[in-house]
Amino acid sequence: MAQSLELLLIQFLMPDNDARRQAEDQIKRLAKDPQVIPALVHHLRTAKTPNVRQLSAVLLRKKITGHWAKLSPQLRQLVKQSLIESITMEHSPPVRRASANVVSIIAKYAVPAGEWPDLLPFLFQCSQSAQDDHREVALILFSSLTETIGNSFRPHFADLQSLLLKCLQDETSNRVRIAALKAVGSFLEFTHDGAEVVKFREFIPSILNVSRQCLASGEEDVAVIAFEIFDELIESPAPLLGESVKAIVQFSLEVCSSQNLEPNTRHQAIQIISWLAKYKYNSLKKHKLVIPILQIICPLLAESTDRDDDDDLAPDRAAAEVIDTMALNLSKHVFPPVFEFASLSSQSVNPKFREASVTALGVISEGCLELMKDKLEPVLHIVLGALRDPEQMVRGAASFALGQFAEHLQPEIISHYESVLPCILNSLEDASDEVKEKSYYALAAFCENMGEEILPFLDPLMGKLLAALQNSPRNLQETCMSAIGSVATAAEQAFIPYAERVLELMKNFMVLTNDEDLRSRARATELVGITAMSVGRTRMEPILPPFIEAAISGFGLEFSELREYTHGFFSNVAEIMDDGFTQYLPHVLPLAFSSCNLDDGSAVDIDDSDEDENINGFGGVSSDDEAHDEPRVRNISIRTGVLDEKAAATQALGLFALHTKSAYAPYLEESLKILVRHSSYFHEDVRLQAITALKHILTAAQAVFEGQNEGPAKAKEVLDTVMNISIKTMTDDDDKEVVAQACMNIADIVKDIGYMAVEPYMPRLVEATLVLLREESACQQAESDSEIEDDDADHDEVLMDAVSDLLPAFAKSMGYHFAPIFSKLFEPLMKFARASRPPQDRTMVVACLAEVAQDMGAPIAGYIDAVMPLVLKELGSPVATNRRNAAFCVGELCKNGGESTLKYYGDVLRALYPLFGESEPDDAVRDNAAGAVARMIMVHPESIPLNQVLPVFLKVLPLKEDHEESMAVYSCVCNLVLSSNSQILSLVPELVNLFAQVAVSPVETSEVKAQIGRAFSHLISLYGHQMQPILSNLSPTHANALAAIAPKS
C-alpha cells in the first residue's frame, strides 16, 4: 500500500483537476483500511517533498479517530513515536504544525486512558529546547491539547504557568512569543476556575508587550488575541489589580484611536473598554480612568467612515455603545465630561463634531437621567440649537437625541413642551426625509407621556401629520403613524374629532399585501388599536367588524411584525370592549396560540474551519473525527421578530382572559400550559409577558370556576401554579423587570384573595422577599462587580419598589399578625435607608414603613425609636417625593405608635412646620403634612399646642392634590368642631369658608361632605344668627352647596 499511496499523494497535489479527482477517489477507498495509518506515518517521515509530508499529516488527522481502536499496541507506539520525531526533527513549519494537530487528536483518547504517559514530559522538555522551532511547536500543542485534554494539565498547572510566562518573554523568537500568547488564550478559554484565572493577572505586562510588537510588525490578527485574553480576565469574578486595569485601558485606547489599524482590531479594543465599563466599572472609577476613556471615546463619535451606515465595526457606533454602558453604570462620573464635550463640540466648525455633540447627549440620557434632569435647560439649549443646524446630519442627530430625552427624561422634559414642541413641529417640514423620520420618532416619544398640555398644539400637529400621512414615502408614513398614535394617547377624548379621518385612512393601509408594504400595514393595525382606546367602546363597537376582519386576514401574510402588531391590536380592542370581546375569541385565540407555539427560530452557525484544510485544497477527504469533535459555536443569531411576536401573543392571552373572564373557560387550560412554558422561556421579554398574563389567567379562572362543584379545587390548582412560578421567579430569574413583575403579581394576589388563601405560601414568600432585600437573588447577582462597595450596590429602583410593596400587601391582609414576619424583614429593609444610599432608596423605605404602620397597627410601636430619626431627616429632604412620603409616614407612626411616639411630638411639629409655609413648592407635600398633623391631633390632642397649630393647619386647607388625605384631615376638623373644642371655635370664619370649598369640590366624596355637613350644622346650632354676616359673604354657589350637605333637621 505504501508505494501506491505515495503515487496517489503526489497525484493529488497535481494542478490537473481530473488527475486530482481520480487520486481523491482512490485515497478514499484505501483510507477505509486501518493499514492506511502506518502507510501515512511512513510518508510523513520519509517523503521527499514537504507538501507530501504535510498532506500525509492532514490525512492522518482525518482518519486516525476511526482507526485508532483497531491498531495493535505496537502500531500505536509507532504512530506516537513517528509524530514526536516529526515534531522535533522536521524542518518545515507547516509539516510540524500538521503533525502537532494529529498529536492533539490522538492525545484526546490516549492520555486519559493512560496510554501516553511520556507526552506531557516530552512537551515540557521540548518547550525548554534551545531550538526556537521546538519551543514554538510545544506551545502550539499546549494550545490545542488544552481544548481536548485540559484536565490532564491541572496537576501541572503551576509549571505550565511559569513556562508560559517565560515563553511570553522569550528574548530570541517572536514566533515563540506569539505561540505563548495563543497558548495563554487557549488556557484561559478552558479554565473557569477563579483561582487559576487570577494567576494570569501577572501576565498582563508581557501580553501587552507581545501585542504591541505584533501591531508594530503588522500582525494585527495576533495582537487581537490579547483582547480575547483580557475579555476572559474581565468576565472572571476575580478582581483585576489596579495597575492591570490601567495598562489594559491605556493599550485599548491606543489601539482604538489608531485610524491606520483594521476596523476589527479597533473594534476589539473598544469592546474591551465596554466590558470593563460593564463588569469592572468600580475599577474604572477607583483608578480615575473614566475621564481619560471619555477623552478618547467621545471624539470617535465624530469619526466618519466610507463604510456602510449599518456597519457594526464603525468606530462611531462602537463608541456610542461604550458611552451608553458607562453612563448606565457610572452616571455621576460620566455626565460632567460628556456634557463638557457636547458643549465644546456644539460650537465646532466641523459638522461631524456638532453631530457628535448631540449624539453623545442622546446616548447618555438613559444612564445619566437624574443628572440630566437637573441640567435640562443647558442640555436642551444645545439640542434645540442643533435642530436648526445647516447640516442635515446634525439636525437628524438632534431629532434622535430629543426622542431619547422624551423616552428617558420623564416627566421633567414635558414641562419644556412650550420650547420643544414648536421645534419638533418645525422639523417635520425639514427638506431631508431622514430628519423628518427622526422628528416623527421624537414627536412620538415626546407626546406619549403628555396629557392635556398637548391640547393647544393638537390642531397644527394633526394637520401636519394627516397631510404627511397622505403625501410621504412608506418609511415616513410608518413613523408618522407612530407619532399619531402617541398624540392620540396623550389627547384621549380630545382626539375624537380626528379619529374618523385617521380610521378612514388606516383602512387603505390595512388591505396592502405587497411585501414592501407590510410594515406600514403593521403600523396601521397598531394605530387603529390605539385610536380605539382613545375614542372608547360606544363609538368604536359599531365600526369594528371590518377592522377585525382585515387584522385576521393580515395574519396569513407570513410577516412576523404584522402578526406582532395584530396581537397588540386585539389586546387594545379587548381592553375597550371588555365582555363584548367574547364574540371574537373563537377567531383570535387560535392566532395567539399559533404565535405562542412558533419555533423559537434560533439559528446556530457552526465554525469548523481549519487552516490546514485550506492549504492547496487538501479539504477533499472527509474526516472520521468530525463525528467525535465538538464543533465550535461561532455565534447564535436569534430571529428577534419571532421573539416580539411571541411576547405580544403571550400578553394578548392574559388580556383576553382578564376582560372576558368566565367566557374564557374553553381556552383556559391551553393558555395556562403556554404561560407556564413561557415563564421559563430563554428571553426575558417573553417571560415578562408570561408572568404578567399568569395573574390575569388566575382572575379568569376564579370567575370560570365560581359556583362549580369542583370549582374551589380547580381554582386552587391554578393559584398553586401561579404562586409557585411567581415565588421561584423572585429568586431564580436573572432579569430585574421580570422579578419586579412577579413581586407585583404576588402583592396584587395577596390583596385580592386575602391572607387565608395565600397562607400556605407565606414561609416561602417571606424567604424569597428576604433574599431580594439582602440583594442575593439571581437578578441582583447578574451584574455584580467584584470590587463593589457595600453601599454602591447596583440595584434597580423599579425592582426594589416592587419588593418593598410586598410588605404593605402582607400587612394589609394580616393586620397585627404580620408583626412576627415584619421583625425578620425589618433589618434587611433598613439597609436601604443608610445615608450613603440614593434618595429614592430612602424614600422607598419610608413609604413602605408608612403603609406597614397603617395596616399592621400597634406592633409598629416597637420600631419607633429605630425609624423616627430617619423619617425626621427625610422631612427636610431636597426631593419632594421624599418629603411627601416622610410626612405621610410620620402621621401613621404617631397614629399607630402609641405612647412611644409622644416624646417625638415637638421634633415632629418643628420638622413639619416648613412644609406649611410659602417655601414648600409642592401641594402634595403640603397635603400630606396636613394629614400628619390631623392624625397627631386625633390620637393625642392634649400633646399639641392647638392655639399655635390650628391657624397654620387651616390656612393650607382645602387639600389641593392628595385627596387620599381627605378622610383624616376633615375628620380631625369635624371632630374638633363637634366636640366644641374652644381653640377651633375661635376660627369660625375660616371654618365656614373651608366647609364651603369642600362642599363645592367635585373630587371630595359624599362621605367627607356628610361629615362637613354635620360639623356645619353644629356651628349653626351653637351660634345661630351670629353666623349670618359670615354666611352672607359666601357666593350663592358656595352657600347653596353648604345648605345642600347640611343634615335636614
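Of the contacts in the chain with a separation of 6 or more, 74% join residues 24 or more positions apart. The model is predicted, and its chain comprises 54 helices and two strands. Buried residues account for 55% of the 1049 residues. Taken along the principal axes, the C-alpha atoms occupy a box of roughly 135 × 75 × 65 Å.

**Annotated N-terminal segment**

- UniProt, in an unreviewed entry, lists residues 23-89 as "domain: Importin N-terminal".
- Over residues 23-89 the chain is 82% helix and 0% strand.

**Helix 18 and helix 19**

- Helix 18 spans residues 315-329 and helix 19 spans residues 331-345; their axes come within 6 Å and cross at roughly 130°.
- Helix 18 contributes Ile323, Met326, Ala327 and Asn329 to the contact, and helix 19 contributes Ser331, Val334 and Val338.
- By class, the contact of helix 18 with helix 19 comprises five nonpolar and two polar residues, with no charged residues.
- Pro336 is also placed in helix 19, and Pro336 is partly exposed, with a relative accessible area of 45%.
- The C-alpha atom of Pro336 is separated by 55 Å from that of Tyr667, a residue 331 positions away along the chain.

**Helix 36 and helix 38**

- The axes of helix 36 (residues 684-705) and helix 38 (residues 736-758) come within 8 Å, with a crossing angle of roughly 10°.
- Helix 36 is therefore roughly parallel to helix 38, since angles under 35 degrees fall in that class.
- On the side of helix 36, the contact is made by Glu684, Arg687, Leu688, Ile691, Thr692, Lys695, Leu698 and Gln702.
- On the side of helix 38, the contact is made by Glu737, Val738, Gln741, Ala742, Asn745, Asp748, Ile749, Asp752 and Ile753.
- The residues of this contact between helix 36 and helix 38 divide into seven nonpolar, four polar and six charged.

**The loop residue Glu429**

- Glu429 is located in the loop between helix 24 (417-427) and helix 25 (433-448).
- With a relative accessible area of 53%, Glu429 is exposed.
- Leaving aside residues up to four places away in sequence, Glu429 touches Lys436 and Lys464.
- Glu429 and Phe581 are 152 residues apart along the chain, and their C-alpha atoms are separated by 41 Å.

**Cysteines**

- The structure contains zero disulfides.
- The closest cysteine sulfur to that of Cys256 belongs to Cys298 and lies 12 Å away, which is too far for a bond; a disulfide would require the sulfur atoms to be within 2.5 Å.
- Cys256 is buried, its relative accessible area being 0%.
- Cys972 takes part in no disulfide, and the nearest cysteine sulfur, that of Cys974, is 9.1 Å away.
- Cys972 likewise counts as buried, because its relative accessibility is 1% and the threshold for burial is under 20%.

Methods
Residues are numbered from 1 along each chain as its sequence is written. This is a predicted model: local features need pLDDT of at least 70, side-chain atom pairs count only at pLDDT 80 or more; totals for chains, interfaces and linings use all residues. Side-chain values use heavy atoms; hydrogens and water are left out. UniProt positions are given in the numbering used here, feature names are shortened, and annotations may be inferred rather than shown by experiment. Helices (H or I, at least four residues) and strands (E, at least two) are DSSP runs, numbered from the N terminus. Buried means under 20% relative accessible area, exposed over 50%, partly exposed in between (1.4 Å probe, protein chains only). Axes are lines fitted to C-alpha atoms, for helices over the stretch in contact, and angles run from 0 to 180 degrees between N-to-C directions. Contact means heavy atoms within 4.5 Å. Ala, Val, Leu, Ile, Met, Phe, Trp, Tyr, Cys and Pro count as nonpolar, Asp, Glu, Lys and Arg as charged, and the others, Gly among them, as polar. Angles under 35 degrees count as roughly parallel, over 145 as roughly antiparallel, 65 to 115 as roughly perpendicular and the rest as oblique.
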